[in-house]
Amino acid sequence: MLSIENLNGELTEKQLGEIIKESLKDFSSVKKVLLIHPDYTRTDFTDKLVPLIYQELKNKVMSQIDSLNASGTHRAMTIEEIRSKLGLSKQINFTHYYNHEYNDPQQLITVGEISASFVVEKTQGELSRSIPVVVNKLITEDYDLIIALSGTLPHEAAGYAGGLKAYFPGISGPEVIDLLHWAAVLIGIPQIIGTADNPAREVIDQGSSYIFDQIKAQTISFNMVFEEEHKVIPKGLYIGTDYNGFIEAYKQAAKASSQLHVLYLDEPLECAVQVIDQSYDEIWTAGKGSYKLQSPGVMAPGGEIIIYAPHIKCFHSRSEMNIALRQIGYHCKNYVKKYLESNPEFSKNIAAHVINVRGAGSFDANSGKEKFDFKVTLATGISQEVCESVGLGYRNPDSIHQENFVKPGKLWIENGGKYLYKRKIED
């Protein structure tokens, strides 16, 4: 494994170029390359790495390079968006730009199955069924090298993003995405997020092992760690090859991320405003602003999380998922589990999302009443009527002013959804 980091400063383009050259020195005979990259919802320094990777391989014998957008259930990207994400100048042209369409059976192949007994063990008996390992079939084609780029931040369903998650569920089928996120909710998001080793990550590793059994190409992982201060600042790059190398690079990246992206509070918050930037254009992704404040003791009982994003006008950019989200609304875990008993075909991925955003609470099945530990309020382009119809609070975005939230018990958070908050532990 190779790595370079400067957690107190910034990695230069020269440093990035040198480690990329070193990491690719043994791939001199590579002709056909597939590059798997993060999508538009991920802020990272993919745009700095890809031109360097491209040039290094072009200097060898590469004759074809294709890109695959590891979008999960997010919307497809235009070629212009992909080229911008990859930092491609007019002089650089990829052979093909692929979007991963998770619900198109023609793009998918089944490569294995995670046993029900494994899932039962990892969810402590909450989920008793197998998970088919379904993945984009491009990874089984005759490429010489598959490159996976990923950014590493605390993540609700994986502990930290990055590494093998690019495959499973990044380029997986709908059942994988549904069940993986549902399993994470059943395990417990506060117990997963911000931990490098956890039962959800073990499910990801297990599913990915079946995928790697079917890959004929050599594989290499570039894990990025960064900060955002008006621009993306590269802090670390961790590179591993093949299955075990992916895991080792991920763990090193997660260790660095834990030092940069986890912030500790002295006292619980009565109110926090998560300022969501333009890279999150739907509640589906902006919801990170809620669950990154849900670690024990962070929010005071009855406190309020405000997701401030005037540019957001929908729950999901895919119309069928937007409709489903408005159908179920945002509820606590036990309410949603009861709902799924009556609606067993409902998307487990959507079910997981609504629980993640709404947070901890209780449900009385007899009265149908819910009680929550804290409030979740949208200050977005979504109307008050719609917010209240799905069980979320509403504030007019024009009423939100930073000076009102810079005082004891309140917190104004720029780069909303990017940092995980925890309470300091008393000595």
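A crossing is left-handed if the near helix is turned anticlockwise from the far one by less than a right angle, and right-handed if clockwise. By that rule, α5 and α12 cross in a left-handed way. This is a predicted model, in which local features need pLDDT of at least 70 and side-chain atom pairs count only at pLDDT 80 or more, while totals for chains, interfaces and linings use all residues. Residues are numbered from 1 along each chain as its sequence is written, and side-chain values use heavy atoms, with hydrogens and water left out.

**Helix packing**

- Two packed helices are described by the angle between their axes and the distance between the axes.
- Helices (H or I, at least four residues) and strands (E, at least two) are DSSP runs, numbered from the N terminus.
- Axes are lines fitted to C-alpha atoms, for helices over the stretch in contact, and angles run from 0 to 180 degrees between N-to-C directions.

*α5 with α12*

- The axes of α5 and α12 are 11 Å apart, and the packing angle is about 135°.
- That makes α5 and α12 oblique to each other; angles under 35 degrees count as roughly parallel, over 145 as roughly antiparallel, 65 to 115 as roughly perpendicular and the rest as oblique.
- On the α5 side the contact uses Trp182, Val185 and Leu186, and on the α12 side Lys333, Val336, Lys337 and Leu340; contact means heavy atoms within 4.5 Å.
- This contact of α5 with α12 splits into 5 nonpolar, no polar and 2 charged residues. Here Ala, Val, Leu, Ile, Met, Phe, Trp, Tyr, Cys and Pro count as nonpolar, Asp, Glu, Lys and Arg as charged, and the others, Gly among them, as polar.

*α12 with α13*

- Helix α12 (residues 333-342) and helix α13 (residues 348-358) have axes that come within 9 Å and cross at roughly 160°.
- So α12 runs roughly antiparallel to α13.
- The crossing of α12 with α13 is right-handed.
- Lys333, Val336 and Leu340 of α12 touch Lys348, Ala351, Val354 and Ile355 of α13.
- By class, the contact of α12 with α13 holds 5 nonpolar, no polar and 2 charged residues.

*α5 with α13*

- Helix α5 (residues 174-187) and α13 have axes that come within 7 Å and cross at roughly 35°.
- α5 passes α13 in a left-handed crossing.
- The α5 residues are Ile177, Asp178, Leu179, His181, Trp182 and Val185, and they meet Lys348, Asn349, Ala351, Ala352, Ile355 and Asn356 in α13.
- The tally for α5 with α13 is 7 nonpolar, 3 polar and 2 charged.

**Cysteines**

- A search of the whole structure turns up 0 disulfides; the cut-off is a pair of cysteine sulfur atoms within 2.5 Å.
- For Cys271, the closest cysteine sulfur is in Cys387, and at 15 Å that is too far for a bond.
- Cys271 is buried, at 5% relative accessible area (buried means under 20%, exposed over 50%, partly exposed in between, with a 1.4 Å probe and protein chains only).
- For Cys314, the closest cysteine sulfur is also in Cys387, 12 Å away and too far for a bond.

- Phe168 and Pro169 are joined by a cis peptide bond, with omega about 25°.
- Pro169 sits in the loop between β9 (159-160) and α5.
- Asp242 is not a glycine, yet its phi is positive at about 60°. Asp242 belongs to helix α8 (residues 242-260) and is partly exposed at 42%.
- Asn415 isn't a glycine either, and its phi is positive at about 55°. Asn415 is in the loop between β19 (410-413) and β20 (420-423) and is partly exposed at 23%.

**Two residues in context**

- Ala300 is part of strand β14 (residues 299-309) and counts as buried at 13% relative accessibility.
- Beyond neighbours within four places in sequence, Ala300 contacts Pro268, Leu269, Glu270 and Asp373.
- Ala300 and Glu267 are 33 residues apart along the chain, with 8.6 Å between their C-alpha atoms.
- Lys31 is in the loop between α1 (13-23) and β2 (32-37) and counts as partly exposed at 49% relative accessibility.
- Beyond neighbours within four places in sequence, Lys31 contacts Val61, Met62, Ser63, Gln64 and Asp144.
- Lys31 and Glu341 are 310 residues apart in sequence, and their C-alpha atoms are 51 Å apart in space.
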